[in-house]
Amino acid sequence: MKIIYANDYQTMSRKAANILSAQVILNPKSVLGLATGSTPLGIYQQLIEWYRKGDIDFSQVKTVNLDEYCGLSPENEQSYFYYMYHNFFKHINIQLKNVHIPNGLETDKEKECRRYNYIIKSLGGIDLQLLGLGHNGHIGFNEPNEAFEKETHCVKLAEETIAANSRFFSSLDEVPTHAYTMGIKSIMQAKKILLIASGESKAEILYQALFGPISPQVPASILQLHNDLIVVADEGALSVIAQRYPHCIEQHPIK
Ligand code: F6R
C-alpha cells in the first residue's frame, strides 16, 4: 500500500489524475473502473483539461462504473450515468459503446447482475479501479454487512448513505433506496486500485479502512489485502493517520 499526501483537494485531484493518465498513456486500451460522488469531480476536470491539451487519448479506453441507483433512467439528472456523461464522457473522445454502467431501469435484478458481471469478465477485468470512500466505509455501494458480497448485486442503501446522498436530491424521499453495485471480489480483482479521500470528515474512516481490522463492517478495509493499492488523500482526510502512522505517508511534511 502506498499513501500519497496532497495538501488540498485540488492537489489530491491532480496527483490522482496523474496516476489515471499514466495508466492510459502506458496502455491506451486500458479498462478503467470509475466512481461517482463529489471526490472524483476534480480528477475528471483535470483529465478533461489534459485531453483538451492533447496529452491523453481516450479513444480506445473502456470503462466500467461501480454503481447505479435502481429506478433512475440515464436521463435522470441524479443517475450516475447522467453524472458520468456530463462530468466526464461528453468532454473527452471516449466511445460511448465502450462505457458501461449498471442499468438502473432493469427490474430483473438477477439478470442485470449477471449481465454486469459478464461485461467485467469479457473486458478481461479492470486495469485500474478508482474508488471514493463512504463515511461508513463503503466502497461502490458495498455497505457495512455481515459478509463481503462478491459480485454485482442489488443493495439496500444504508440510512446514512441515503442521508449523505440526499444533498443531490430536492428531498430525502426522492433518494433511491436501492442500487446496483459491483461486488468486493470484482473490485479486488482490479490490477491496481486508486482510493481517493478528501476532508476531515473522512479521516477516521480512512484510518479504520487502512489500519483497522479487516471486516465487512468496514468494507474498504478489505483493500488492505490488495497488492497494488494507491491511496491519494488530502491533509484533512489524512489527519488521523498522520498522528498515528506518519511514516506510512509519502511526502508528508513532518512538523
Ligand atoms: C460512487 C460510489 C461511492 C462514493 C462514496 C464517496 O460511485 O461508489 O462509494 O465513492 O459514497 O462519495 P463522495 O465522494 O461523494 O464522498
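Which residue of β3 does Leu-32 stand opposite? Thr-63 is the one facing Leu-32.

This is a predicted model, where local features need pLDDT of at least 70 and side-chain atom pairs count only at pLDDT 80 or more, while totals for chains, interfaces and linings use all residues. Residues are numbered from 1 along each chain as its sequence is written, and side-chain values use heavy atoms, leaving out hydrogens and water.

**View 1. Two strands side by side.** Strands β2 (residues 31–34) and β3 (residues 62–65) run parallel, joined by 4 bridges. Strands here are DSSP runs (E, at least two residues), numbered from the N terminus, and two of them pair if DSSP finds at least two bridges between them.

**View 2. The whole sheet.** Follow the order β5-β3-β2-β6-β9-β10-β1-β11 and you've walked across an open sheet of 8 strands with parallel pairing. β5 (99–100) and β11 (249–250) stand at the edges with a single partner strand each, so one side of each has no neighbour in the sheet.

**View 3. Around the ligand.** The ligand is surrounded by 14 residues, the closest being Thr-39, Asp-67, His-138, Gly-140 and Lys-202; a residue counts if one of its heavy atoms lies within 4 Å.

View 4. Polar contacts are pairs of N or O atoms within 3.5 Å. A polar side-chain atom of Thr-36 sits 2.8 Å from a ligand oxygen, and one of Lys-202 sits 2.7 Å from a ligand oxygen. Gly-140 uses a backbone N or O atom instead, 2.6 Å from an oxygen of the ligand. Taken alone, the ligand exposes 410 Å², and the protein buries 93% of that (Shrake-Rupley method, 1.4 Å probe).

Notes
A polar contact is a pair of N or O atoms within 3.5 Å; within protein, one must be able to donate a hydrogen and the other to accept it, and residues adjacent in sequence count only if both atoms are side-chain atoms.
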